[in-house]
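Please look over the sequence and the model before reading on.

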Amino acid sequence: LQVRPRNPRGLGALPAPAAMASPAVSPDSSSHEALSSVNSAPACSPTSDSENLSPDELELLAKLEEQNRLLEADSKSMRSMNGSRRNSGSSLVSSSSASSNLSHLEEDTWILWGRIVNEWDEWRKKKEKLLKELIRKGIPHHFRAIVWQLLCSATDMPVKNQYSELLKMSSPCEKLIRRDIARTYPEHEFFKGQDSLGQEVLFNVMKAYSLVDREVGYCQGSAFIVGLLLMQMPEEEAFCVFVRLMQEYRLRELFKPSMAELGLCIYQFEYMLQEQLPELNIHFRSQSFLTSMYASSWFLTLFLTTFPLPVATRVFDIFMYEGLEIVFRVGMALLQFNQAELVQLDMEGMSQYFQKVIPHQFDSCPDKLILRAFQVKYNPKKMKSRLEKEYAAIKNKEMEEQIEIKRLRTENRLLKQRIETLEKESAALADRLIQVVSKIAIFLFSA
């Protein structure tokens with residue numbers, strides 16, 4: 001039995017590679033753009049594990065990179081042809097040749113990822129480094145649904161059988177979920193409109209999760225992650241993947257009411273900023289530009305509210321395999337790339353820069369962002385052991401201080417009550433004394 005990728009809405013088998021159609025719901029603007037952005041990687045951009053690959057695996061990567069260059073040549077050729085008023089024979093020949101190469105790339109990519117999916121256990125155990133390289137280069141859109149499920153082991157979850165029953169139940173979070181649904185991908189065709197299919201299935205998944213995990217319930221921001229999943233797969237499968245992400249990828253801790261894990265992530269990121277970009281860190285502090293002001297959404301939505309979907313989905317591919325580390329890497333890469341501009345701006349200028357400039361810097365070449373991200377220094381042992389312990393110690397001290405403050409406030413309140421009681425007693429004694437003195441005075445006067 002072979003595992004075949006499903007289409008984004010789960011409507012049966014996908015067409016053959018040569019006749020591959022664009023999906024009904026896609027984060028990418030077109031099939032051509034999806035392949036060029038998702039599968040491309042410059043020849044000069046090997047990631048940190050390339051040196052550990054076997055000669056055969058390196059040869060496979062080199063072949064893919066060569067095909068990516070053909071894709072890029074095709075894209076440039078098409079832009080040149082469309083932008084020129086002259087329709088020369090040579091440009092038509094070039095475009096035809098590049099289109100033929102593109103067709104071969106589509107077929108090769110389909111075959112490669114089809115093999116990966118059908119031999120998944122072997123790839124995870126014996127070809128892990130090559131699989132990591134390929135995921136960093138981007139999972140083809142038509143394979144994301146099944147690959148994401150395989151990556152997080154969400155293909156056979158018992159909770160899937162509970163989904164339909166959960167939808168029949170009532171959740172205390174329903175009003176809050178309904179309020180936020182319209183704010184989730186408001187410009188995306190699938191979620192546009194109050195009665196759209198996208199909004200309805202997004203509501204269903206968020207409601208179901210709020211019933212499965214009542215401690216977390218619903219947290220604003222998580223809908224963007226679910227929305228991305230729903231662009232790739234049916235709602236039952238999206239629900240299972242989201243449950244797995246919450247359980248195994250630190251997301252549940254991020255979305256708990258206390259958001260203690262978010263505080264830890266911000267603390268860890270601030271350490272990286274101070275260590276690797278001290279000048280920018282000093283500038284941020286001088287402008288009271290807090291890390292949480294720009295980085296909180298990075299961790300809570302995994303850049304889905306920062307980048308356009310084609311770029312954000314590339315980051316999400318890597319997150320599914322490598323976890324939150326990619327958020328730290330991409331975030332630091334963005335700051336490194338923009339340090340010279342940011343140190344010249346005040347707080348308001350930096351806020352605008354983060355909102356309007358940074359999101360679109362890598363639209364045309366997400367691979368540059370991925371390459372920069374994996375050039376960032378990241379020490380997982382230090383992040384896990386030292387910084388987690390430091391943050392825990394800080395929070396414990398803060399908690400002890402809060403307990404002491406609470407104790408002192410309680411004592412202060414009791415003292416105030418005692419003072420009020422004593423004042424009342426003193427006033428009563430004074431009245432009694434006046435009465436006694438008055439009686440004595442009257443007695444003496446009478447005598």
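## Aromatic pairs

Rings of Phe, Tyr and Trp (its six-membered ring) are taken to pair if their centres lie within 6.5 Å, and a pair counts as stacked when the planes are under 30 degrees apart, as edge-to-face when they are over 60 degrees apart, and as tilted otherwise. In this structure, which is a predicted model, a search of the whole finds 24 aromatic pairs. One of them joins Tyr267 to Tyr391 in a tilted arrangement, with 5.5 Å from centre to centre and 45° between the planes. This pair connects distant parts of the chain, since Tyr267 belongs to helix α13 (residues 260-276) and Tyr391 to helix α20, 124 residues apart. Tyr391 counts as buried because its relative accessibility is 14%, and the cut-off for that class is under 20%.

A stacked pair is formed by Phe289 and Tyr294, whose ring centres are 5.5 Å apart and whose planes make an angle of 15°. Both partners are covered: Phe289 is buried, with a relative accessible area of 4%, and Tyr294 is buried at 5%. Phe289 and Tyr294 also belong to one aromatic cluster, whose members include Phe269, Phe284, Trp298, Phe328 and Tyr378.

Just after α16, Gly323 adopts a positive phi of about 80°.

Helix α17 (residues 325-342) comprises 18 residues and reaches 24 Å from its first C-alpha to its last, close to the 26 Å expected at 1.5 Å a residue. Helix α17 is mostly covered, with 13 of its 18 residues buried.

## A nonpolar patch on the surface

Which residues form a nonpolar patch on the surface? The patch is made of Val436, Ile440, Phe443 and Leu444, which together have about 400 Å² of accessible area. Leu444 lies in helix α20 (residues 380-446), and Leu444 counts as exposed because its relative accessibility is 56%, the cut-off for that class being over 50%. An α-helix has 3.6 residues a turn, so residues three or four places apart point the same way.

Conventions
Residues are numbered from 1 along each chain as its sequence is written. This is a predicted model: local features need pLDDT of at least 70, side-chain atom pairs count only at pLDDT 80 or more; totals for chains, interfaces and linings use all residues. Side-chain values use heavy atoms; hydrogens and water are left out. Patches are made of residues with over 30% relative accessible area and no salt bridge: like charges are joined within 9 Å, nonpolar side chains (Val, Leu, Ile, Met, Phe, Trp, Tyr) within 5 Å. Accessible areas come from the Shrake-Rupley method with a 1.4 Å probe; for residues, only the protein chains shown count as cover. A salt bridge is a side-chain nitrogen of Lys or Arg within 4 Å of a carboxyl oxygen of Asp or Glu. Helices (H or I, at least four residues) and strands (E, at least two) are DSSP runs, numbered from the N terminus. Buried means under 20% relative accessible area, exposed over 50%, partly exposed in between (1.4 Å probe, protein chains only). The expected span of a helix is 1.5 Å times one less than its number of residues.
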